[in-house]
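Hello,

Here is the structure we talked about. Please open it alongside this note and follow along.

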Amino acid sequence: ENGTFFEGANLLMNLFLTGTDTGVGKTFATALLTRALRQAGHGTLALKPICSGERSDVEILRDASGQILSLDETNPVWLQAPAAPLVAARLENRTLSLDVFVEWFAELSAKHPSLLVEGAGGWLVPITDTETLADLAVRLALPVIPVVANRLGCINHTLLTLESIRARGLACPGIILNHLSPPADPAQHTNAQILSRHTQILLEIHPGQTQISPTDLTRFLELAAPMSR
């Protein structure tokens with residue numbers, strides 16, 4: 001059974017999933033994890049505070065969450081332009097405030113015990129003139145898990161992201177390594193080995209994967225859940 005870990009208990013687990021870059025598979029990873037946790041009985045919901053451009057990512061997260069929340073509850077700020085939130089908001093003559101997201105998250109976390117919050121783009125994407133996605137994670141006081149695409153350059157991107165997360169005093173139990181394609185070069189073959197020297201790889205996602213095995217989910221929970229309480 002998928003619910004052997006924390007069986008019979010409603011797992012309290014709130015996490016912030018960020019990316020080392022755009023296009024690393026954050027939404028796919030968040031949806032995959034949400035479905036696995038829900039199947040294990042944890043009532044997990046996936047959220048996306050800010051969406052810039054098409055809202056298909058929000059629909060994916062809402063579907064993975066059993067369509068319990070509306071699109072606007074899942075994603076309170078939707079900006080039309082596919083650009084950094086600061087830029088997209090300026091194009092609409094809007095000024096974003098982190099207070100809105102803090103209030104939104106407080107309301108949802110009071111009703112739902114397990115929330116996965118997916119960021120927008122990379123870790124330091126600007127939201128306002130002076131604040132980034134990292135500042136939002138700090139305001140929400142959530143442990144952060146970077147989603148990393150296994151490709152050339154990901155070691156540098158990952159280590160910089162980890163350094164920045166830790167510098168803000170946030171917990172980071174490890175990373176999710178997303179294999180976008182079968183390994184085809186030396187970097188893809190060796191990235192996991194190098195990265196594991198610097199952080200724990202909580203979960204590896206492989207091309208075409210549609211679910212997380214009970215064994216992999218249990219390991220993820222054992223490593224990530226204690227930091228998220």
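**Two loop residues with positive phi**

Gln67 sits in the loop between helix H2 (56-64) and helix H3 (71-74). Please keep in mind throughout that this is a predicted model. Gln67 is not a glycine, yet its phi is positive, about 55 degrees. Its relative accessible area is 46%, so Gln67 is partly exposed.

Ala141 is the other one to look at. Ala141 is in the loop between H6 and S6. Here too phi is positive, about 55 degrees, and the residue is not a glycine. Is Ala141 buried or exposed? Its relative accessibility is 58%, and the cut-off for exposed is over 50%. Ala141 therefore counts as exposed.

**Helix H1**

Next, go to H1, which covers residues 26-39. The helix has 14 residues, which should span 20 Å at 1.5 Å a residue. The end C-alpha atoms of H1 are 20 Å apart, so the span agrees.

How many of the 14 residues of H1 are buried? The count is 10, so H1 is mostly covered. The buried set is Lys26, Thr27, Ala29, Thr30, Ala31, Leu32, Leu33, Thr34, Ala36 and Leu37. After the helix comes Gly41, with a positive phi near 90 degrees.

Pick out Ala36 in H1. Its relative accessibility is 3%, and buried means under 20%. Ala36 therefore counts as buried. Now find Gln211. In sequence, Ala36 and Gln211 are 175 residues apart. In space, their C-alpha atoms are 6.8 Å apart.

H1 also meets helix H9 (residues 214-224). The two axes come within 11 Å and cross at roughly 95 degrees. That angle makes H1 roughly perpendicular to H9, because 65 to 115 degrees counts as roughly perpendicular. From H1, the contact uses Leu33, Ala36 and Leu37. From H9, it uses Leu217, Phe220 and Leu221.

**Leu116 in strand S5**

Strand S5 (residues 114-122) holds Leu116. At 0% relative accessibility, Leu116 counts as buried. Which residues does Leu116 touch, leaving out those up to four places away in sequence? The contacts are Met13, Leu15, Thr30, Leu33, Thr34, Leu37, Thr44, Leu45, Ala46 and Leu47. Thr30, Leu33, Thr34 and Leu37 are among the buried residues of H1.

Leu116 and Asn14 are 102 residues apart in sequence. Their C-alpha atoms are 5.7 Å apart.

**H5 against H6**

Helix H5 (residues 98-111) packs on helix H6 (residues 133-140). The angle is about 40 degrees, and the axes are 10 Å apart. H5 and H6 are therefore oblique to each other. Their crossing is right-handed. H5 brings Leu98, Asp99, Phe101, Val102 and Phe105 to the contact. H6 brings Asp135, Leu136, Arg139 and Leu140.

**Helix H7 and its surroundings**

H7 runs over residues 154-167, 14 residues in total. From its first C-alpha to its last it reaches 20 Å, close to the 20 Å expected at 1.5 Å a residue.

Which residues of H7 are buried? They are Cys154, Thr158, Thr161, Leu162, Ser164 and Ile165. These residues lie on the same side of H7, because they cover an arc of only 165 degrees around the axis. On the other side, Glu163 and Ala167 are exposed.

The cover over the buried residues of H7 includes strand S6 (144-149), strand S7 (175-178) and helix H8 (186-195). H7 and H8 pack at about 25 degrees, with axes 10 Å apart. So H7 is roughly parallel to H8, since the angle is under 35 degrees. The H7 and H8 crossing is right-handed. In that contact, Cys154, Ile155 and Thr158 of H7 meet Asn191, Ile194 and Leu195 of H8. Cys154 and Thr158 are also among the buried residues of H7.

Best wishes

Terms used. Residues are numbered from 1 along each chain as its sequence is written. This is a predicted model: local features need pLDDT of at least 70, side-chain atom pairs count only at pLDDT 80 or more; totals for chains, interfaces and linings use all residues. Side-chain values use heavy atoms; hydrogens and water are left out. Helices (H or I, at least four residues) and strands (E, at least two) are DSSP runs, numbered from the N terminus. The expected span of a helix is 1.5 Å times one less than its number of residues. Buried means under 20% relative accessible area, exposed over 50%, partly exposed in between (1.4 Å probe, protein chains only). The arc is that of the directions from the helix axis to the C-beta atoms. Contact means heavy atoms within 4.5 Å. Axes are lines fitted to C-alpha atoms, for helices over the stretch in contact, and angles run from 0 to 180 degrees between N-to-C directions. Angles under 35 degrees count as roughly parallel, over 145 as roughly antiparallel, 65 to 115 as roughly perpendicular and the rest as oblique. A crossing is left-handed if the near helix is turned anticlockwise from the far one by less than a right angle, and right-handed if clockwise.
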